[in-house]
Amino acid sequence: MAAPSWILSLLNPRKNVLASMHMKCVSTRLRKYGLRFDDLFDPMEDMDIKEALRRLPREVVDARHQRLLRAMDLSMKHQYLPDDLQIKKEKAEREALGAMPLYQRTIP
């Protein structure tokens, strides 16, 4: 059963400022553990997510699995990923995806 459209628009970060702020806050906290927002999606909960993970290249799925394992390990040790690693990993991820680094972005 699908949710009503007004609920979906309320939860969409592109349409709702509060949802956008929440997503940024959660992403910031996840970055402390070396995770991405997309890593939170559970393949056991939704068959579409399971199918999407199946279609991804093996390296991407393995990297996701390693991020989850590292995050669980850091959480159990009550530690965060060091700041320099957070920045290096984010920079490497942006370069791999073809995005410009944050310090080179320009506002049109």
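**Notes on the helices, loops and aromatic pairs**

1. Let's start with a histidine: His65 sits in helix H4. This is a predicted model, so read every value here as computed from it. With a relative accessibility of 44%, His65 counts as partly exposed. Its C-alpha atom is 8.7 Å from that of Asp39, although 26 residues separate His65 and Asp39 along the chain.

2. His78 is exposed, and its relative accessible area is 74%. Have a look at its backbone too: the phi of His78 is positive, about 55°, and yet His78 is not a glycine. As background, most residues other than glycine have a negative phi.

3. Now for the aromatic rings. How many aromatic pairs does a search of the whole structure find? It finds two. One of them joins Tyr33 and Tyr80 in an edge-to-face arrangement, with 5.3 Å from centre to centre and 70° between the planes. Tyr33 belongs to the loop between helix H2 (17-31) and helix H3 (47-55), while Tyr80 belongs to the loop between helix H4 (58-76) and helix H5 (83-97), so this pair ties together parts that are 47 residues apart in sequence.

4. A pair needs centres within 6.5 Å, and planes over 60 degrees apart count as edge-to-face. Phe37 is partly exposed, at 26% relative accessible area, and Phe41 is partly exposed too, at 40%.

5. Next, helix H2. Does its length fit its residue count, or what should the 15 residues of H2 span? At 1.5 Å a residue, they should span 21 Å, and the end C-alpha atoms of H2 are 21 Å apart, which agrees.

6. Which residues of H2 are buried? They are Ala19, Ser27 and Leu30. These three cover an arc of only 75° around the axis, which puts them on the same side of H2. As a general point, an α-helix has 3.6 residues a turn, so residues three or four places apart point the same way. The buried residues of H2 pack against H1. On the other side of H2, the exposed residues are Val17, Leu18, Met21, Lys24 and Arg29.

7. Finally, look at the start of H2, where a side-chain oxygen of Asn16 comes within 3.0 Å of the backbone nitrogen of Leu18. Asn16 itself is in the loop between helix H1 (5-11) and H2. Its relative accessible area is 17%, so Asn16 is buried; the cut-off for that is under 20%. If we set aside neighbours within four places in sequence, what does Asn16 contact? Asn16 is in contact with Ser9 and Leu10.

Conventions
Residues numbered from 1 in each chain as written. Predicted model: local features only at pLDDT ≥ 70, side-chain atom pairs only at ≥ 80, totals over all residues. Heavy atoms only, no water. Phe/Tyr/Trp six-rings, centres within 6.5 Å; stacked < 30°, edge-to-face > 60°. Helix = DSSP H or I, 4+ residues; strand = E, 2+ residues; numbered from the N terminus. Buried < 20%, exposed > 50% of the residue type's maximum accessible area, 1.4 Å probe, protein only. Contact = heavy atoms within 4.5 Å. Expected span 1.5 Å × (residues − 1). Arc of directions from axis to C-beta. Polar contact = N/O pair within 3.5 Å; in protein donor to acceptor, adjacent residues only side chain to side chain.
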